[in-house]
Amino acid sequence: MMQKTPKRNKQSQTRSEPTLLPRDKKRRGAPADFVALLPPEVSVRIFSSLDPRSLCSAAMTCRRWRLAIDGNDWLWKNHCLTVRAVCQREIDGDRGSGYSWKITLLRNYWKSKVKQEWLSGKYSNIHSQNNLPEKSMYPMDVDTWGEILEAELER
């Protein structure tokens with residue numbers, strides 16, 4: 001006859017379960033952000049996937065992120081070169097005046113958006129001011145308006 005082995009209750013089983021610490025205990029000893037944990041090259045690679053608006057928001061997150069983002073001109077250069085496709089004269093002028101890639105981008109980003117919409121003909125059939133969408137205007141110089149008018153005349 002076989003003897004029955006006594007059943008173990010769940011409490012007597014020996015499993016190694018992780019000890020759960022209170023939330024405030026977890027955060028005290030460990031840095032909370034990846035910029036502190038990762039090599040700078042990896043952090044820059046992560047930040048490089050952000051668009052200009054997100055990059056500006058990330059720079060406002062904390063001091064460490066601001067230093068990592070603002071201190072790296074390469075992060076701003078690619079976005080600036082994209083804007084240059086529409087605002088070549090403006091970008092080249094700012095860079096020639098000694099502005100950093102970041103400042104050059106910030107000075108020309110919205111202008112490039114508005115200029116691109118005008119050049120693409122988005123506003124070619126506007127009959128009144130009421131038909132213009134918000135942010136359709138931006139302070140632009142005479143040369144920029146000249147480019148827009150030339151594009152309109154060619155349509």
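Helices (H or I, at least four residues) and strands (E, at least two) are DSSP runs, numbered from the N terminus. The model is a predicted one, in which local features need pLDDT of at least 70 and side-chain atom pairs count only at pLDDT 80 or more, while totals for chains, interfaces and linings use all residues. Residues are numbered from 1 along each chain as its sequence is written, and side-chain values use heavy atoms, with hydrogens and water left out.

**The chain as a whole**

The protein chain has nine helices and zero strands, and from the N terminus on its elements run α-α-α-α-α-α-α-α-α. Its accessible surface comes to about 12,100 Å², of which 52% belongs to carbon and sulfur atoms; such areas come from the Shrake-Rupley method with a 1.4 Å probe, and for residues only the protein chains shown count as cover. Of the 155 residues, 25% count as buried, where buried means under 20% relative accessible area, exposed means over 50%, and partly exposed lies in between (1.4 Å probe, protein chains only). Among contacts (heavy atoms within 4.5 Å) between residues at least 6 apart in sequence, 55% join residues at least 24 apart.

**Asp94 and its surroundings**

Asp94 is buried, because its relative accessible area is 8%. Leaving aside neighbours within four places in sequence, Asp94 is in contact with Tyr99, Thr104, Arg107 and Asn108.

**Helix 8 against helix 9**

Helix 8 (residues 101-119) and helix 9 (residues 142-154) pack at an angle of about 20 degrees, and their axes are 9 Å apart. Here the axes are lines fitted to C-alpha atoms, for helices over the stretch in contact, and angles run from 0 to 180 degrees between N-to-C directions. The two helices, helix 8 and helix 9, are therefore roughly parallel to each other, since angles under 35 degrees count as roughly parallel, over 145 as roughly antiparallel, 65 to 115 as roughly perpendicular and the rest as oblique. On the side of helix 8 the contact is made by Lys115, Trp118 and Leu119, and on the side of helix 9 by Thr144, Trp145, Glu147, Ile148, Ala151 and Glu152.

**Salt bridges**

Side chains of opposite charge can pair when their charged atoms come close. A salt bridge is counted when a side-chain nitrogen of Lys or Arg lies within 4 Å of a carboxyl oxygen of Asp or Glu, and by this rule the count comes to ten. The table includes some of them.

| Salt bridge | Closest N and O atoms |
|---|---|
| Glu90 with Arg89 | 3.4 Å |
| Glu90 with Lys115 | 3.6 Å |
| Glu117 with Lys122 | 3.6 Å |

Glu117 is partly exposed at 25% relative accessibility, and Lys122 is partly exposed as well, with a relative accessible area of 47%. Salt bridges that share partners join Arg89, Glu90, Lys115, Asp141 and Glu147 into one network. Within that group, Arg89 is partly exposed, with a relative accessible area of 35%, whereas Glu90 is buried at 7%. Lys115 is buried, with a relative accessible area of 0%.

**A nonpolar patch**

Leu37, Leu38, Val42 and Ile46 make a nonpolar surface patch of about 310 Å². Patches are made of residues with over 30% relative accessible area and no salt bridge, like charges being joined within 9 Å and nonpolar side chains (Val, Leu, Ile, Met, Phe, Trp, Tyr) within 5 Å. Val42 lies in helix 3 (residues 40-47) and counts as partly exposed, because its relative accessibility is 36%.
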